[in-house]
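Let me put the structure up, and we can walk through it together.

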Amino acid sequence: MNRTANPLSRRHFISTAAAGLALPAILPSSIFGQNRPSNQITVGVIGWGMQGPEDTRAFLAANDCRLVAACDVDQQHLNDAVDTINQHYQNKGCQAYHDYRELLARPDIDAVIIAVPDHWHALVATEAARQKKDVYGEKPLAKTIAEQQAIVRAVQQHKIIWQTGSWRRSQASYRRAAEIVRNGLLGKLKNVEVGLLDGHLDFITQFGGTEPSRSIQPPPPELDYETWIGPSQMQPYIQARVHMNWRWNYNTGGGMLMDWIGHHCDIAHWGMDCDRSGPLEIEGHGDFPPTTDVFNTATTYRIELKYPGDIHMTIAGGDPAIEQGTKWIGTDGWLAVTEWGFECSKPEFTGRKNLPADLRKVKLYESPGHARNFLDCVKSRQPAVAPVETGHHSTIPGHLGLISMLTGRKLRWDVEREEIINDTAASKLLSRAYRSPWKLT
Ligand SMILES: NC(=O)c1ccc[n+]([C@@H]2O[C@H](COP(=O)([O-])OP(=O)(O)OC[C@H]3O[C@@H](n4cnc5c(N)ncnc54)[C@H](O)[C@@H]3O)[C@@H](O)[C@H]2O)c1
C-alpha cells in the first residue's frame, strides 16, 4: 500500500480506530490494494545474524503483523531469513534484499527490525526514519553519541514509533525493581552499581562452530565485505572480526561495555528517573589489549560517575564484587536485579507481586512483551516502553566512560547540551569519520 497515494492510509485507519470511531475491525484488503488483511502491520527485517532471527520470532508469532521482506549482505544469512519466514507462513511472500535502502523504499512496509552490527545502526536507522518506517532497533543505539543524536533527531522529525531492543524493560521483575526505587522505598538513593561482562567471548565457538581464523584471508563469496564494513575504516578481512565477534574490535563495536550498557544501565536509569538525564562527571579506567590485536576492546574496566542529586554510579566489567545486573543502594536499604534474580534488603518486596497500591504512587510503564508493545504502539501511535530518547540516554554513560578511558582523564558532561565540557580532544571522540561514500545526513 502506498500510504501517500492512498487517502485511507494505514496510519489514518489506525488513528481513526484509536480515536474510537466506528470502523469494522478488519477492512477488506482490496481497500488497500494489498493481499493482506488491513489490520496487519507489514514488517521487514534488516540483519539476520544472531539477534535478527531472535527478534523476528516474536513478530512471526503475532497475528497482527506480517514479515514481508528481509535484508542481509551475507547471502547465506539472507537465504536463511527468507526460508525461515516463508516456512513459517507456508508461502513465498518474503522478498530478499541485499541493499537496505531498497527494502526501506518499499511503500507497503510499515515497520522494520534493525539488527545489524553497531557500526551500521545510524545509517540504517536514519534512513528508516526518513522513509517513515516505525523501528524496532537494537541496542546500543549507535556506535557514537553523535550518531545516536542523529537517530534521535530523525525519529522525532519524522514522528516514527521507536522501540529500543533493551527488552528487560518489558520484564515484570525489572519494572517492579525500578518502581520500588522510584517510590522511595530504599530511602534517598546514594549509589548505583551496574555490573557488566568482561573479556571477549568468541560467539562462533560458543555456538559450537569452528574457531574463526585470525589471519587475513579473502572474504568468502557469500559475503559482500565491502558493504559489511560500510562506514567504518576498511580493514583486511579476518574471519574472527566479522559475524558476531565484530563487537571485540573498536572499528565496528564497543566491547563488553557497549554490548551490555544498553541493558543494565537502561534499568539503572529507569530506577533513577534518568531516562532524559545523565551523568555530570565520568572517570573510567580499563585494561586494553594492543590496538593491533584482532580483539582490541577493553577486557576489564571500571567507570565512576557522578549524577545529579549526589548519586554515585559505578559501572564495572570484571569486578567480582559487582554482580552482572543493577543494584540500587539507598539510605534505607538496597535492591539488586541481576541475571540470576531479584534480591532486596527488605524481604517484603522480594515477591512477584506489584507493590501495594498505597506504596505504588509512581507506576512505571507496564509492557506486555517487547515486540507486542512495539506493535501495539505502531497502531496507537503512543510511545513504546523503550523509546529512542531512552535508548540514547541509557548508553551515554558507556560512551563517555569509554572516552574517559581512551583519553585517560575525568570528563565533565553538560546534560542539557549533550556536550563534553572544555575538552576538545575528548569531544572529538563523540563522533567518528565515515569511510567514503557513506555519509550520515
Ligand atoms: N537485545 C539483545 O539482547 C541483543 C542481543 C544480541 C545482539 N544485539 C544487538 O543486535 C545487533 C546485531 O548483533 P548480532 O549479534 O546479531 O550481529 P551478527 O553479526 O550476528 O549479525 C548481524 C547481521 O547483519 C548483517 N549486516 C551487516 N551489515 C549489514 C547491512 N548494511 N545491511 C544488511 N545486513 C547487514 C550481517 O551480515 C549479519 O548477518 C547489534 O546491535 C547487537 O548489539 C542485541
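I'll go from overall shape to the sheet and then to the cores.

First off, this is a predicted model. We've got one protein chain with 13 helices and 15 strands. Its radius of gyration is 22 Å, close to the 22 Å the globule rule gives for 441 residues, so the chain is as compact as a globular protein of that length. Along the principal axes, the C-alpha trace spans about 60 × 60 × 45 Å. And if you take contacts with a separation of 6 or more, 71% come from residues 24 or more positions apart.

Look at strand 7, residues 189-196: it runs antiparallel to strand 11, residues 325-330, over 6 bridges, and L189 sits opposite G330.

Last, the cores. 46% of the residues count as buried. The largest nonpolar core has 54 residues, and V43, I46, A70, V112, I114 and I151 touch the most other members. Beyond its sequence neighbours within four places, I114 contacts, among others, I46, H121, V124 and V135. Then there's a second, separate core of 48 residues, including V181, A268, C274 and A336.

Notes: Residues are numbered from 1 along each chain as its sequence is written. This is a predicted model: local features need pLDDT of at least 70, side-chain atom pairs count only at pLDDT 80 or more; totals for chains, interfaces and linings use all residues. A nonpolar core is a set of buried Ala, Val, Leu, Ile, Met, Phe, Trp, Tyr and Cys residues joined through C-beta atoms within 7 Å. A residue is buried if 20 or more other C-beta atoms lie within 10 Å of its own, exposed if 12 or fewer, and partly exposed in between; C-beta atoms are placed from the backbone. Two residues are in contact if their C-beta atoms, placed from the backbone, lie within 7 Å. Helices (H or I, at least four residues) and strands (E, at least two) are DSSP runs, numbered from the N terminus. The radius of gyration is taken over C-alpha atoms; the globule rule is 2.2 Å times the number of residues to the power 0.38. Two strands pair if DSSP finds at least two bridges between them.
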